[in-house]
Amino acid sequence: MCMLNKEKLKISAIAINGLLSLFIAIFFNFTFWRKVTEVYPITLNSFPFLLSLLLLLTGISFLFLQWLRIEALYKVFVGVLLLLSALAAYTMDSFGVAISTQLFSSITQTTLREAMDLFSVKLIL
């Protein structure tokens, strides 16, 4: 039986933020990437633009995560961030809406009955 050394498994917070930023930029933005690739199909000529767009999204997420890195609350913050990002991605993909200030205004005016109509088994899964 092989025992793993915990020292080998340590990853710095910067590396975690970088991987998490890349994960969010790729997997929580399917609708965004679908729309972008409709306008700029993946070709040799558009590849540098698409790559720079991925780096921009990843960089913005990374800077945000670095700015809000608080050691005591880091794991909780990352968990909440992933949950909210997944819910936002689900909303954008399922309902075809973009997250904007008007959407937040509409959310604050929504009644409990209207909100319950939006819950589904697909949302929970």
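Guide: Let's start with one term: contact means heavy atoms within 4.5 Å of each other. With that in hand, the buried residues of H1 can be said to pack against H2, H3 and H4. Keep in mind that this is a predicted model.

Visitor: Fine. What makes up the protein, in terms of helices and strands?

Guide: The protein has 7 helices and 0 strands. Read along the sequence, that gives the pattern α-α-α-α-α-α-α.

Visitor: How much of the protein counts as buried?

Guide: Of its 125 residues, 19% do. To be called buried, a residue must have under 20% relative accessible area. As for the accessible surface, it comes to about 10,000 Å², and 72% of that belongs to carbon and sulfur atoms.

Visitor: Back to H1, then. Which of its residues are buried?

Guide: They are Ala13, Asn17, Leu20, Ser21, Ile24 and Ala25.

Visitor: How do you know where they sit around the axis of H1?

Guide: By the arc they cover: it is only 130 degrees around the axis, which puts these residues on the same side of H1. There's a general rule behind this kind of spacing: an α-helix has 3.6 residues a turn, so residues three or four places apart point the same way.

Visitor: How do you know what length to expect of H1?

Guide: At 1.5 Å a residue, 21 Å is expected for its 15 residues, and H1 reaches 21 Å from its first C-alpha to its last.

Visitor: What about Phe23 and Phe27? Where do they lie?

Guide: Both are in helix H1, 4 residues apart, which is about one turn of the helix.

Visitor: Why is Phe23 called partly exposed?

Guide: The label covers values between 20% and 50%. Phe23 has a relative accessible area of 36%, so it is partly exposed. Phe27, at 40%, is partly exposed too.

Visitor: And what makes the rings of Phe23 and Phe28 a pair, and of what kind?

Guide: Ring centres have to lie within 6.5 Å for a pair, and planes over 60 degrees apart make it edge-to-face. For Phe23 and Phe28 the centres are 5.4 Å apart and the planes stand at 80 degrees, so this pair is edge-to-face. Phe28 itself is buried, with a relative accessible area of 16%.

Visitor: Which residues form the aromatic cluster?

Guide: Phe23, Phe27, Phe28 and Phe30 form one cluster together. By the pairing rule, the count comes to 6 aromatic pairs.

Visitor: Let's move to H2. Which residues are buried there, and what covers them?

Guide: Thr31, Trp33 and Val36 are buried in H2. Their cover includes helix H1, H3 and H4.

Visitor: Where is Ser46, and why is it called buried?

Guide: Ser46 is in the loop between helix H2 (30–39) and helix H3 (47–67). Its relative accessible area is 9%, under the 20% cut-off, so Ser46 counts as buried.

Visitor: What does the side chain of Ser46 reach?

Guide: The backbone oxygen of Pro41, at 2.5 Å. A polar contact needs a pair of N or O atoms within 3.5 Å. Not counting residues up to four places away in sequence, Ser46 touches Tyr40 and Pro41.

Visitor: What makes Ser61 buried?

Guide: Ser61, which lies in helix H3, has a relative accessible area of 18%, so it falls under the 20% limit. Leaving aside its neighbours within four places in sequence, Ser61 is in contact with Ser21 and Ile24.

Visitor: Last stop, H4. Which residues are buried there?

Guide: Tyr74, Val78, Leu81, Ser85, Ala89 and Tyr90 are. They cover an arc of only 165 degrees around the axis, which puts them on the same side of H4. The face turned away from that buried side carries the exposed residues Val76, Leu83 and Leu84.

Visitor: Why does Ala88 count as partly exposed?

Guide: Ala88 lies in helix H4. Its relative accessibility is 24%, between the 20% and 50% cut-offs, so Ala88 counts as partly exposed.

Methods
Residues are numbered from 1 along each chain as its sequence is written. This is a predicted model: local features need pLDDT of at least 70, side-chain atom pairs count only at pLDDT 80 or more; totals for chains, interfaces and linings use all residues. Side-chain values use heavy atoms; hydrogens and water are left out. Buried means under 20% relative accessible area, exposed over 50%, partly exposed in between (1.4 Å probe, protein chains only). Helices (H or I, at least four residues) and strands (E, at least two) are DSSP runs, numbered from the N terminus. The arc is that of the directions from the helix axis to the C-beta atoms. A polar contact is a pair of N or O atoms within 3.5 Å; within protein, one must be able to donate a hydrogen and the other to accept it, and residues adjacent in sequence count only if both atoms are side-chain atoms. Accessible areas come from the Shrake-Rupley method with a 1.4 Å probe; for residues, only the protein chains shown count as cover. Rings of Phe, Tyr and Trp (its six-membered ring) pair if their centres lie within 6.5 Å; planes under 30 degrees apart count as stacked, over 60 as edge-to-face and the rest as tilted. The expected span of a helix is 1.5 Å times one less than its number of residues.
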